[in-house]
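Trainee: I have not looked at this structure before. Could we go through it by question and answer?

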Amino acid sequence: MTPLSTSGDAHPAQGPPRPGRAADPCPADEDRPGGVGVRRLTALDVRILEGVAVGVSTVRLAASLYLSRQGVEYRIGLMLRHFQAANRAALVSRAHSLGVLSVGAWPPRVLPEFLEPQEVERGG
């Protein structure tokens with residue numbers, strides 16, 4: 001057998017789902033958009049995810065969003081954990097497969113139903 005054979009163990013490092021946890025990356029929640037419990041993203045997370053999906057570097061994202069490089073990396077790290085993705089490519093793939101990113105359009109966009117509602121500005 002070759003190292004590239006697919007004998008049913010396509011993801012050996014992942015292991016079986018832990019007891020008490022759903023096999024799906026996000027627990028089911030009917031009142032959330034997209035059905036499968038995908039939490040809504042902040043406007044900042046949306047811009048970062050769209051940038052990652054297009055292939056924009058961390059430095060360019062940081063400059064365009066007026067954040068530090070570490071700030072962008074932190075937000076990407078949070079999304080990696082939320083979507084249970086190992087890297088940026090897996091993050092984009094998971095977001096796409098969950099229906100968060102638009103299909104058949106370039107550049108990919110986060111669909112509006114996954115955007116967290118904005119707080120109402122308070123006048124003083």
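Predicted model: local features only at pLDDT ≥ 70, side-chain atom pairs only at ≥ 80, totals over all residues.

Trainee: What share of the residues counts as buried?

Mentor: Buried means under 20% relative accessible area. The chain has 124 residues. The share of them that counts as buried is 29%.

Trainee: Is Leu-49 buried or exposed?

Mentor: Leu-49 lies in helix α1. Leaving aside neighbours within four places in sequence, Leu-49 is in contact with Leu-41, Met-79, Leu-91, Ala-95, Val-100, Leu-101 and Val-110. Its relative accessible area is 0%, so Leu-49 is buried.

Trainee: How far apart in space are Leu-49 and Arg-88?

Mentor: In sequence, Leu-49 and Arg-88 are 39 residues apart. In space, C-alpha to C-alpha, the separation of Leu-49 and Arg-88 is 9.2 Å.

Trainee: How many salt bridges does the whole structure have, and which residue pairs with Arg-75?

Mentor: A search of the whole structure finds three salt bridges. In one of them, the closest N and O atoms are 2.9 Å apart, and the partner of Arg-75 is Asp-45.

Trainee: Why does the pair of Arg-75 and Asp-45 tie together separate parts of the chain?

Mentor: The salt bridge joins Arg-75 to Asp-45. Arg-75 lies in helix α3 and Asp-45 in helix α1, so the pair ties together parts whose separation in sequence is 30 residues.

Trainee: Is Asp-45 buried or exposed?

Mentor: The cut-off for buried is under 20% relative accessible area. Asp-45 has 3% relative accessibility, so Asp-45 counts as buried.

Trainee: Which residue meets Glu-50 in a salt bridge, and how many residues apart are the two?

Mentor: The side chain of Glu-50 meets that of Arg-109, at 3.3 Å from N to O. Glu-50 is in helix α1 and Arg-109 in the segment after α4, and the pair links distant parts of the chain. Glu-50 is buried at 11% relative accessible area, whereas Arg-109 is partly exposed at 44%.

Trainee: Which helices does the salt bridge of Glu-73 and Arg-88 tie together?

Mentor: The side chains of Glu-73 and Arg-88 meet at 3.0 Å, N to O. Glu-73 is partly exposed with 34% relative accessibility, and Arg-88 is partly exposed with 27%. Glu-73 and Arg-88 are 15 residues apart in sequence, and the helices in which they lie are α3 and α4.

Trainee: At what angle do the axes of α1 and α2 cross, and is the crossing left-handed or right-handed?

Mentor: The axes of α1 and α2 come within 10 Å and cross at roughly 145°. The contact is made by Leu-44, Arg-47, Ile-48, Gly-51 and Val-52 of α1 and by Leu-61, Ser-64 and Leu-65 of α2. These residues divide into five nonpolar, two polar and one charged. The crossing of α1 and α2 is right-handed.

Trainee: What is the phi of Tyr-66, and what is the phi of Gln-84?

Mentor: Most residues other than glycine have a negative phi. Neither residue is a glycine, yet phi is positive in each: about 55° for Tyr-66 and about 50° for Gln-84.

Methods
Residues numbered from 1 in each chain as written. Heavy atoms only, no water. Contact = heavy atoms within 4.5 Å. Salt bridge = Lys/Arg side-chain N within 4 Å of Asp/Glu carboxyl O. Helix = DSSP H or I, 4+ residues; strand = E, 2+ residues; numbered from the N terminus. Buried < 20%, exposed > 50% of the residue type's maximum accessible area, 1.4 Å probe, protein only. Axes fitted to C-alpha atoms, helices over the stretch in contact; angles between N-to-C directions. Left-handed = near helix turned anticlockwise from the far one by under 90°. Nonpolar A, V, L, I, M, F, W, Y, C, P; charged D, E, K, R; others polar.
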